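Open the model in a viewer and keep the sequence panel beside it. The stops below go from the whole chain to single side chains.

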Amino acid sequence: MEKLWTPWRLEYIKSPKSGSCIFCDLPKDQQDKENRILHRGKHCFIIMNTFPYSNGHLMVSPYRHLGCVTAIDDEETNELWHFTKHCVSVLRKTYSAQGFNIGLNLGKAGGAGYAEHLHNHIVPRWEGDTNFMPVLADVKAMPEHLSAGYDMLLPQFQNIPS
Ligand SMILES: [Zn+2]
C-alpha cells in the first residue's frame, strides 16, 4: 500500500490515550450519530473512523473486547465479514470507490491504535488518490466531512441484507 498523506493522523497520535477502549465505550453510549455508528448487528457493529485514511474509511468491530482473530468465534467472524462486504458494496456505490484496502492490524507491532480490541478497516481507494489526497486533507474541514459522510451513508446501513 502506498502511503497516504494524512495530517489528521497526527492529531490522533498527539491526542492523549486515556486507556479506555472506544470499541467498548461507543456502542454502550446511546449516541450513534455523535459516535458515527452506522449499524449495530447481533455480534458486530459498523463505525466511521474519526481519523480516516481517506473519505469513507469504515471499521467493523465485534462488541467483545478481544484482540485477535483467533479469539473471536464463528458467529462474530461471519458477521464481521458479512458487514465488511456490505461496506464495500455501499462505498463502491456511494463514493464510487475504485479499490479498497481492507484489513486488521493485530497487536501494537502490527500498527493497531487499539490493539486490545480488533477491528477490520475498510479504506476506499481511487486511481491516483495518493496524488489528490493532500487536496482533501484539510484538517479543519474533516469533522464536517465526517458528519456529511455519516448522513449520506446512514440510510444504506439501516437494513443489511443477510
Ligand atoms: Zn474494547
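Begin with the whole chain: among contacts (heavy atoms within 4.5 Å) between residues at least 6 apart in sequence, 67% join residues at least 24 apart. This is a predicted model, in which local features need pLDDT of at least 70 and side-chain atom pairs count only at pLDDT 80 or more, while totals for chains, interfaces and linings use all residues. Residues are numbered from 1 along each chain as its sequence is written, and side-chain values use heavy atoms, with hydrogens and water left out.

**Overall fold**

Colour by secondary structure. The protein has 6 helices and 5 strands, in the order α-α-α-β-β-β-α-β-β-α-α from the N terminus. These elements are DSSP runs numbered from the N terminus: helices are H or I with at least four residues, strands E with at least two. Of the 162 residues, 43% count as buried; buried means under 20% relative accessible area, exposed over 50%, and partly exposed in between, with a 1.4 Å probe and protein chains only.

**The zinc site**

Cys21 (SG), Cys24 (SG), His65 (ND1) and His117 (ND1) coordinate the zinc ion at 2.0 to 2.3 Å. The angles subtended by the 4 donor atoms run from 102 to 120°, so the arrangement is tetrahedral. For four donors, that label requires all angles to lie between 85 and 135 degrees. Along the chain the donors follow the spacing C-x2-C-x40-H-x51-H. Cys24 in helix 2 (residues 22-28) and His65 in the loop between strand 3 (58-62) and helix 4 (74-94) are 41 residues apart. Cys24 counts as buried at 17% relative accessibility, whereas His65, at 40%, counts as partly exposed.

**Aromatic pairs**

Next, show the rings of Phe and Tyr. The structure holds 2 aromatic pairs; rings of Phe, Tyr and Trp (its six-membered ring) pair if their centres lie within 6.5 Å, with planes under 30 degrees apart counted as stacked, over 60 as edge-to-face and the rest as tilted.

Select Phe23 and Tyr114: their ring centres are 5.6 Å apart and their planes at 85°, so this pair is edge-to-face. Phe23 is in helix 2 and Tyr114 in the loop between strand 4 and strand 5, so the pair ties together parts that are 91 residues apart in sequence. Phe23 is buried, at a relative accessible area of 1%.

Then select Phe45 and Tyr63, whose ring centres are 5.5 Å apart with planes at 20°, so the pair is stacked. Phe45 belongs to strand 2 and Tyr63 to the loop between strand 3 and helix 4, so parts 18 residues apart in sequence are tied together. Phe45 is buried, with a relative accessible area of 1%, while Tyr63 counts as partly exposed at 26% relative accessibility.

**The nonpolar cores**

A nonpolar core is a set of buried Ala, Val, Leu, Ile, Met, Phe, Trp, Tyr and Cys residues joined through side-chain atoms within 4.5 Å. Which residues have the most contacts inside the largest core? Select Leu38, Ile46, Leu58, Val60, Leu153 and Phe157, in a core of 24 residues. Strand 2 (44-48), strand 3, helix 4 and helix 6 (142-153) are the elements that give two or more residues to this core, and helix 4 gives the most, with 6 residues. Apart from this core lies another, of 8 residues, among them Cys21, Phe23, Cys24 and Ile47.

Centre on Leu58. Not counting residues up to four places away in sequence, Leu58 touches residues including Leu38, Cys87, Leu91, Ile122, Leu153 and Phe157.

**Two last stops**

Move to His39 in strand 1 (residues 37-40), which is buried with a relative accessible area of 14%. The side chain of His39 reaches the backbone oxygen of Phe157 at 2.7 Å. Beyond residues up to four places away in sequence, His39 touches Phe45, Ile46, Phe83, Phe157, Gln158 and Ile160.

Finish at Val88 in helix 4, which counts as buried at 13% relative accessibility. Leaving aside neighbours within four places in sequence, Val88 is in contact with Phe100, Ile102 and Ile122. A distance drawn between the C-alpha atoms of Val88 and Pro124, 36 residues apart along the chain, reads 8.0 Å.

Technical notes: Donors = N, O, S within 2.8 Å, 3.2 Å for Na, K, Ca; no water. Tetrahedral: all angles 85-135°; square planar, octahedral: opposite > 155°, others 65-115°. Polar contact = N/O pair within 3.5 Å; in protein donor to acceptor, adjacent residues only side chain to side chain.
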